[in-house]
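Please read the following report alongside the sequence and the coordinates.

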Amino acid sequence: MRLNKFLAQCGIASRRKADQLISQGLVTINGRKVYELGIQVNPDLDRVVVDGKPVTIPKQKIYLAFYKPRQVMTTMSDPQGRPCVADYLKHMKTRVFPVGRLDWTSEGLLLLTNDGDWAQKI
């Protein structure tokens, strides 16, 4: 499995942000810092550490149905400071992410999960 996918499934960051963590030298595999973006890991054999903290894929998959109100961004963070779905999920201990998008002025059902494979199928 690619390292960035592994980190995303662990709930550390999105794949894109995981690539940034790798490039910054914040990730080690079996005690060695890695900078290569396409590196493969075996979740059952390799010990992955991010910024000094060991990470593992969560055993429990989470699936949420969320009613997104109007004028809320379908994202986990917004550089412009607009309200986003993450603001409603601050109490969650496990990182989840939206499956699909609803635009700023739309309201309705939005699915969120920590299961990347399921999200891709949907």
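## Phe66 and its aromatic partner

In this predicted model, Phe66 has a relative accessibility of 14% and therefore counts as buried, the cut-off for that class being under 20%. The residue belongs to strand β5, whereas Tyr88 lies in the loop between β5 and β6 (97-99), so that their pairing ties together parts that are 22 residues apart in sequence. The aromatic pair formed by Phe66 and Tyr88 is tilted, with 5.3 Å from centre to centre and 55° between the planes. Tyr88, at 40% relative accessibility, counts as partly exposed.

## The pair of Tyr63 and Trp118

The structure holds 2 aromatic pairs. In the pair of Tyr63 and Trp118, the ring centres are 4.9 Å apart and the planes stand at 75°, an angle over 60 degrees, so this pair is classed as edge-to-face. Because Tyr63 is in strand β5 (residues 63-68) and Trp118 is in helix α3 (residues 116-121), the contact ties together parts that lie 55 residues apart in sequence.

## Salt bridges across the chain

A search of the whole structure finds 3 salt bridges. One of them joins Asp117 and Lys5, whose closest N and O atoms are 3.4 Å apart, and this pair links distant parts of the chain, since Asp117 is in helix α3 and Lys5 in helix α1, 112 residues apart. Asp117 counts as partly exposed at 39% relative accessibility, and Lys5 is likewise partly exposed at 24%.

Another salt bridge is formed by Glu107 and Arg70, with 2.8 Å between the closest N and O atoms. Here the linked parts are the loop between β6 and β7 (108-113), which holds Glu107, and the loop between β5 and β6, which holds Arg70, the two residues being 37 residues apart. Glu107 is partly exposed, with a relative accessible area of 35%, whereas Arg70 is exposed, with a relative accessible area of 53%.

## Pockets

The largest pocket has a volume of about 850 Å³. Its lining is made up of 26 residues, of which Ser14, Arg15, Arg95, Phe97 and Pro98 lie nearest the centre of the pocket. At least two residues of this lining come from each of α1 (3-9), α2 (15-23), β6 and α3. By residue type, the lining of the largest pocket divides into 11 nonpolar, 9 polar and 6 charged residues.

The second largest pocket contains about 150 Å³ of space. Among the residues that line this second pocket are Phe6, Pro43, Asp44, Arg47, Val55 and Lys59. The lining of the second largest pocket is divided into 6 nonpolar, 1 polar and 4 charged residues.

Definitions and conventions
Residues numbered from 1 in each chain as written. Predicted model: local features only at pLDDT ≥ 70, side-chain atom pairs only at ≥ 80, totals over all residues. Heavy atoms only, no water. Phe/Tyr/Trp six-rings, centres within 6.5 Å; stacked < 30°, edge-to-face > 60°. Helix = DSSP H or I, 4+ residues; strand = E, 2+ residues; numbered from the N terminus. Buried < 20%, exposed > 50% of the residue type's maximum accessible area, 1.4 Å probe, protein only. 1 Å grid on protein atoms, 1.4 Å probe; cavity = no way out; pocket = protein on both sides within 12 Å on 5 of 7 lines; lining within 4 Å. Points joined across faces, edges and corners; volume = space filled by probe spheres on them. Nonpolar A, V, L, I, M, F, W, Y, C, P; charged D, E, K, R; others polar. Salt bridge = Lys/Arg side-chain N within 4 Å of Asp/Glu carboxyl O.
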